[in-house]
Amino acid sequence: MAEQVYIFDTTLRDGEQVPGCKLNTKEKVGLALKLEALGVDIIEAGFPISSPGDFESVSEIAKLVKNATVCGLTRAVQKDIEVAGEALKHAKRSRIHTGIGTSDFHIKAKFNATREEIIARATQAVKWARNFTDDVEFFAEDAGRTENEYLARVVEAVIAAGATVVNIPDTTGYCLPHQYGEKMAFLRNNVSNIDKAVLSCHCHNDLGLATANSIAGVIGGARQIECTINGLGERAGNTALEEVVMILKQHASLGFYTNVNATMLNPISREVSDIMRMAVQPNKAIVGANAFSHSSGIHQDGFLKSAETYEIINPEAVGAEGSKIVLTARSGRSALAYRFQKLGFQFDRNDIDILYASFLQVADTKKEVMEEDLQALALAHAAVTVQ
Ligand code: KIV
Ligand code: ZN
């Protein structure tokens with residue numbers, strides 16, 4: 001039987017940290033309700049101690065969201081945790097996400113501490129958080145560069161202290177997929193109380209591997225993925241929600257499912273892009289403007305014979321407008337005939353041969369041949385053939 005992978009959306013926290021993406025409370029609440037409708041399991045609503053505005057947003061979201069768990073981020077600091085507890089107090093289901101850096105880079109440079117002191121601070125933070133909710137997630141920041149044996153000790157200690165979810169962030173996006181997957185498998189096999197907690201993937205995209213690492217993490221034993229709409233997040237971003245959801249759906253043989261309604265992926269991508277004023281790159285998987293566009297003659301010919309030759313996802317299944325046949329100087333006769341047909345012109349093979357030569361002349365002068373260019377070509381052709 002397929003197993004559920006929980007989708008933890010952090011668009012409102014890690015995504016909103018992106019310069020220029022800041023949202024006000026009204027915008028955050030609106031987006032949280034849409035994320036809930038999308039079917040995400042956990043919404044990380046913000047970092048309550050970071051500003052009065054973020055506190056208010058988390059608090060308002062906690063009051064209104066009913067089906068998803070509402071989560072607030074904290075450092076492993078008592079005051080942070082108390083403030084998060086206060087912000088989340090009206091939530092139907094609340095989670096506190098607390099943690100501390102565990103790599104030697106963080107232990108030495110950030111905290112000037114020892115490994116043992118970090119374990120003590122980590123377990124203390126989890127205990128403080130448990131005073132506010134039974135659902136406590138611990139993050140081992142920079143786990144991607146933390147030695148596995150020490151990480152296993154940290155994970156065992158925080159689970160013993162009451163953590164119910166343990167997040168293994170690849171904070172710097174450093175890991176290769178097999179390393180990240182092996183890290184999860186190592187924890188599953190070497191932490192004695194691991195059955196008492198869910199392991200979570202939180203991958204950054206500095207090397208373009210965030211999605212691949214998250215999937216490797218799930219194969220290695222994680223059952224939660226932290227991700228954002230359009231892959232927004234610090235620096236090169238986080239794992240893109242739409243990508244992991246569709247990978248698990250398209251590769252059902254992996255044996256996993258999520259509760260996300262895939263038909264809402266494109267509409268929510270556009271909304272996030274609009275309110276955060278952050279354009280989506282056209283070649284972005286699933287939600288980019290070109291994700292279902294075909295422009296080269298070879299691809300267009302195959303696609304027009306059978307969509308499956310060049311599409312692995314039906315665009316309607318992810319709420320996209322539909323497949324597009326784009327005309328460029330690389331397009332072929334079948335695509336040209338198809339586009340003329342869509343405009344109501346019926347040309348035979350001979351007409352298309354003649355029109356194709358004129359089409360190429362136009363196409364060589366522009367990036368894309370548009371409807372108005374086709375109308376002009378058709379009119380010019382009619383004028384010549386009527387004479
Ligand atoms: O990237 C990271 O390590 C984080 C933690 C705060 C979870 O965002
Ligand atoms: Zn992060």
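A salt bridge here is a side-chain nitrogen of Lys or Arg within 4 Å of a carboxyl oxygen of Asp or Glu. The model on screen is predicted.

**Stop 1: the two domains**

Colour residues 3–275 as domain 1 and residues 293–386 as domain 2. Their centres, taken over C-alpha atoms, are 45 Å apart. Now show the residues in contact: domain 1 gives 8 and domain 2 gives 7.

**Stop 2: the interface**

About 540 Å² is buried between domain 1 and domain 2. Carbon and sulfur atoms give 55% of that area.

Next, select Met246, Gln250 and Asn266. These residues supply 60% of the area that domain 1 buries against domain 2, more than any other three residues.

How many salt bridges does the rule find across the interface of domain 1 and domain 2? It finds 0. Polar contacts do turn up: 3 residue pairs between domain 1 and domain 2, both residues at pLDDT 80 or more.

Switch to cartoon view and pick out helices α10 (241–250) and α11 (265–276). These are the elements that give two or more residues to the side of domain 1 that touches domain 2. Which of the elements gives the largest share of that side? It is α11, with 4 residues.

**Stop 3: the zinc ion**

Select ligand 2, the zinc ion, and then its protein donors. They are Asp14 through OD, His202 through NE2 and His204 through NE2. The donors lie 2.1 to 2.2 Å from the zinc ion. Along the sequence the spacing of the donor residues reads D-x187-H-x1-H.

Are Asp14 and His204 buried or exposed? Both are buried.

**Stop 4: asparagine 193**

Move to Asn193. This residue is in the loop between α8 (177–190) and β8. Asn193 has a relative accessible area of 10%. The cut-off for buried is under 20%, so Asn193 counts as buried.

What is Asn193 in contact with, leaving aside its neighbours within four places in sequence? Select Glu156, Ile159 and Ala160: these are its contacts beyond those neighbours.

Methods:
Residues numbered from 1 in each chain as written. Chains lettered and ligands numbered in written order. Predicted model: local features only at pLDDT ≥ 70, side-chain atom pairs only at ≥ 80, totals over all residues. Heavy atoms only, no water. Donors = N, O, S within 2.8 Å, 3.2 Å for Na, K, Ca; no water. Buried < 20%, exposed > 50% of the residue type's maximum accessible area, 1.4 Å probe, protein only. Domains from an automatic or database assignment. Contact = heavy atoms within 4.5 Å. Buried area = accessible area lost by both parts, 1.4 Å probe. Polar contact = N/O pair within 3.5 Å; in protein donor to acceptor, adjacent residues only side chain to side chain.
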